[in-house]
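Student: Please walk me through reading this model, starting with the sheets.

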Amino acid sequence: MADLKPILLVEDNPNDIELTLAALEESQLANEVAICRDGADALDFLYRRGAYAGREALDPTVVLLDLKLPKVDGLEVLAAIKSDPLLRVIPIVMLTASREESDLVRSYELGVNAFVVKPVGFRAFLDAIRDLGVFWAVLNEAPPGRFPRSGGR
Amino acid sequence: MSSAARSHEAAELTACDREPIHRLGTLQPHGFLLALQGPERRIVQASANVPAGPDGVLGRRLEAVFPEIAAALAEAPAEASAGVGARHLRSLTLGAGSGGLSDARAYDLAVHRSGDLTLVEMEEAAPAGPAGGLDALSSRLDAFVEGLHAAPSVADLCHLLAVEIRHATGFDRALVYRFDRDWHGTVVAEDGNGVLPSYLDLRFPASDIPAQARELYRRNRLRIIPDAGYEPVPIVPPLTPDTEAPLDLSQSVLRSVSPVHVAYMRNMGTQASMSVSILVDGALWGLISCHNQAPRRVPLPARNACDFLTRIFALQLAARERGAEAEQRLRLGAIAQRLLGAMAETEDFHDGLLARPDDLLALADAGGAAIVTAGTCRLVGRTPPDDAVRGLYRWLSAAHGGEDVYATEALAEAHPPATACAETASGLLAIAVSQRSATYVLWFRPEAVRTVKWGGNPAKPAIADPAGGPARLHPRTSFETWKETVKGRAQPWSLPEIDAAKDLRAAILGIVLRRAEEMAALSEELQRSNKELEAFSYSVSHDLRAPFRHIVGYAELLRAREGANLSEKGRHYLDTVVEAAFAAGTLVDNLLAFSQMGRNALKPIDIAMNLIVEEVRRKVMRDVAPDRTVHWRIGPLGRVRADPMMLRLAVENLLSNALKYTRGAPEAVIEVVREPDRDGEATFRVRDNGVGFDMAYVGKLFGVFQRLHRTEEFEGTGIGLANVRRIVERHGGRVSAVGELGRGATFRFTLPLCA
């Protein structure tokens, strides 16, 4: 299981981090969850720079990206990832409290893979996270990354 | 219209215009003329009827032939013969023997300059008339002046003058004749003894009194023809020896008149006539025209009295006309004020003007009016048909686009297609209200010939001219000629009327401009508040929603993971926390949806309504308890043009409402039908047999957060029907509801049918 790709959660709100982790936990996904607290941190993680220089781990199997983030916001992170030929293969799920149509349209324009408006009810959130996690981390064969997969799920 | 504004070029020159009336070189026979040259007053020309005969006087000094005349001239002040027009010096009796007279004869002596010559005219004195001279008139004069002051109108003034002149002269009939701007004439007042026919209100074309005749009338205020059957008396020699030119007799009192005029008089059945010019501010305003069936002489004092009366009249007239104009301006100002008030009360100035149709017409004394834009044409009063008015609008925009005001009394001359609507629109007064959106306010005047009053009897057959004169030289043929001349012409627009239209234009522009500014300010404010609302919504969607999510999330985690450690009561509390936070979060979601509804642009497409209703029906049925019985009755709903997302939301709200409020019914019946289309709208009806509502609260039904039921009875945030109304109204439709407690509710909404 050591080569299981991590899930990257980019979220600034501690409550949301805890609830999302609980939901992932409920989904019984074995993937490690890396957490970044702002957009700049997330980009450092992906580019293995700053605090993450020399990071050995694989690229994430999916990035759960909050829209509203300090420093560099979610749409900017999305734009950076999707415009990088090496990173663009990483599936991005926008997790957001926003129902603003403009955010949604913009996200799709930037090439988001899924867009989840965090439901008020926790049960619904749980379902959404589980479905997403299972789809991207487990069921979906992620496109080949920079490091060859050594198989196993 | 002030006399000064009259166009002197208006009348075209006719053959009669070119006739050199003042150089005809003949005199009427009721007196004789001497032309004197130099300080020694040598007689160089004389009329053929001079008592001693021309041969006896020519070349001689005046003193030698007529010592009485020479003495009278010597007594006269120097300026007597210097001014314009013949000046009557005095009555003079020439003794027997003087100038070859066989017996003494009384004359009225008049003198004036003509070039280098002094012209002396000796008019045979007439026996004193019925009214005598100024002295005899003085008591009547007082009454006349009083009457002029008291006369309520210009027409009354004119009538007073006609009465007084006829009294002073003893003529059978006295007419007051007024020129209009184009020098056509109208008989505006008349006094007569019945011997001659009435000509009141008769019209004469400008050609009847041609341009140079009018100029003579202006320069020489009083003319008299005692006997139209006279034999003209030549001047001997016809040419002045020094200049080889005929004598200029334009100032002469004895001057012969045009043969055309004599024929005209005969055709009118009159032998004697007198005319007095009415000058206002130096311009010819009109004439007093007196006629007698039989030849008639008017003594000089009576003529002087007439001149005097006329000048008093003219002074009063000038004041009165200025007053009348001021009064008209005041009256029009008051009308304009009322129109302004009406415009201020309406959103669209068109509606304001049309709300007071009588005032709109009265402002320009018009028969009809129209307010025309590129797309609309609204008519008031007697106007050409709609398409003709639109045609006028296009012509005005193209040919007079840059002009603020356009006025014509002969529209067909400027715009030949208007010939067809001469009856209603011979006169057009137009104001261009706005260049950009091109709105015109138009006033129409009918053809003048249709508005003419006729005081005489136009049907009376013309009496053939016994002398075989041209048939047209008769007042009634004049009237016919005038009718031809003014065909397609309306009464001219007066300056105050044109000014009133200009003022109205300025006022409308002011209103439109102010309104535009207000709208601009409002829309700026709206945009700002819209932006603020957007920012607020965004903030609410992120920041307000999150805590509710967290509360629900943690509470559910607590229940799932620690529930076993809680008491029954504890779990109940937890459930309540979850429910309450969930409700609050849902409320925020609904609010956001509602605000987006108002902000997002509509993207209407053609929609099969049955598809939408069926989809929604299936969706809402998913949440219905399996033990409920629901009968759906969905009719053919056709197609509409609408934004599909929004329409779906509206339908969903209506159908889920219907399901919700039929929950208690043993068998719910929900009907969705399309009523017959009406007034360009499709009407849809959603009816249920649920709990209904009290019509007393129908006004609250579609309000935001208005609920008619307690939350325990029926859950909800009170925003569903507000959404329905917002969606429908944004599509240009309307919503309505009828219901009765316990007997179901019926909702209707309409959507405009698009062409």
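Student: Which residue stands opposite B:Gly185 in E9(B)?

Tutor: Strands of a sheet pair through backbone hydrogen bonds, either parallel or antiparallel. In this predicted model, B:Gly185 faces B:Phe204 of E9(B). Strand E8 (residues 185-192) of chain B is joined to E9(B) by two bridges, and the two strands run antiparallel. Strands pair if DSSP finds at least two bridges between them. Strands (E, at least two residues) and helices (H or I, at least four) are DSSP runs, numbered from the N terminus.

Student: In what order do the six strands of this open sheet of chain B lie, and which are its edge strands?

Tutor: The order is E9-E8-E7-E13-E12-E10, with antiparallel pairing. Strand E9 (203-204) and strand E10 (222-225) of chain B are the edges, each pairing on one side only. Helix H7 (residues 211-219) of chain B packs on this sheet, where it touches strand E12 (272-280) and strand E13 (283-292) of chain B. The direction of H7 makes about 90° with that of E13(B). A contact requires C-beta atoms, placed from the backbone, within 7 Å.

Student: What is the pairing in the five-strand sheet of chain A?

Tutor: It is parallel, in an open sheet with the order E2-E1-E3-E4-E5. Strand E2 (33-36) and strand E5 (114-117) of chain A each have a single partner strand, so one side of each lacks a neighbour in the sheet. From one strand to the next, the twist averages 20°. Strand E4 (residues 92-96) of chain A is joined to E5(A) by four bridges, the two running parallel. One pair of bridge partners is A:Leu95 and A:Val116, the latter in E5(A).

Student: At what angle do H2 and H3 of chain A cross?

Tutor: Two packed helices are described by the angle between their axes and the distance between the axes. The axes of H2 (residues 39-47) and H3 (residues 74-82) of chain A come within 9 Å and cross at roughly 20°. Axes are lines fitted to C-alpha atoms, for helices over the stretch in contact, and angles run from 0 to 180 degrees between N-to-C directions. H2(A) and H3(A) are therefore roughly parallel (under 35 degrees; over 145 is roughly antiparallel, 65 to 115 roughly perpendicular, the rest oblique). Residues in the contact include A:Leu43 and A:Leu46 of H2(A), and A:Val77 and A:Ile81 of H3(A). By class, the contact has six nonpolar, two polar and one charged residues (Ala, Val, Leu, Ile, Met, Phe, Trp, Tyr, Cys and Pro count as nonpolar, Asp, Glu, Lys and Arg as charged, and the others, Gly among them, as polar).

Student: How do H6 and H9 of chain B cross?

Tutor: The axes of H6 (residues 154-169) and H9 (residues 300-345) of chain B come within 10 Å and cross at roughly 180°, so H6(B) and H9(B) are roughly antiparallel. Among the contact residues are B:Leu157 and B:Leu161 of H6(B), and B:Leu309 and B:Phe313 of H9(B). The contact divides into twelve nonpolar, three polar and three charged residues.

Student: What is the mean pLDDT of each chain?

Tutor: pLDDT is the predictor's confidence in each residue, from 0 to 100. Its mean is 79 in chain A, where 83% of residues reach 70 or more, and 82 in chain B, where 86% do. It stays under 50 over residues 141-153 of chain A and residues 454-473 of chain B. The complex has an ipTM of 0.77 and a pTM of 0.52.

Student: Which conventions apply?

Tutor: Residues are numbered from 1 along each chain as its sequence is written, while chains are lettered from A and ligands numbered from 1 in the order in which they are written. As this is a predicted model, local features need pLDDT of at least 70 and side-chain atom pairs count only at pLDDT 80 or more, whereas totals for chains, interfaces and linings use all residues.

Methods. Contact = placed C-beta atoms within 7 Å.
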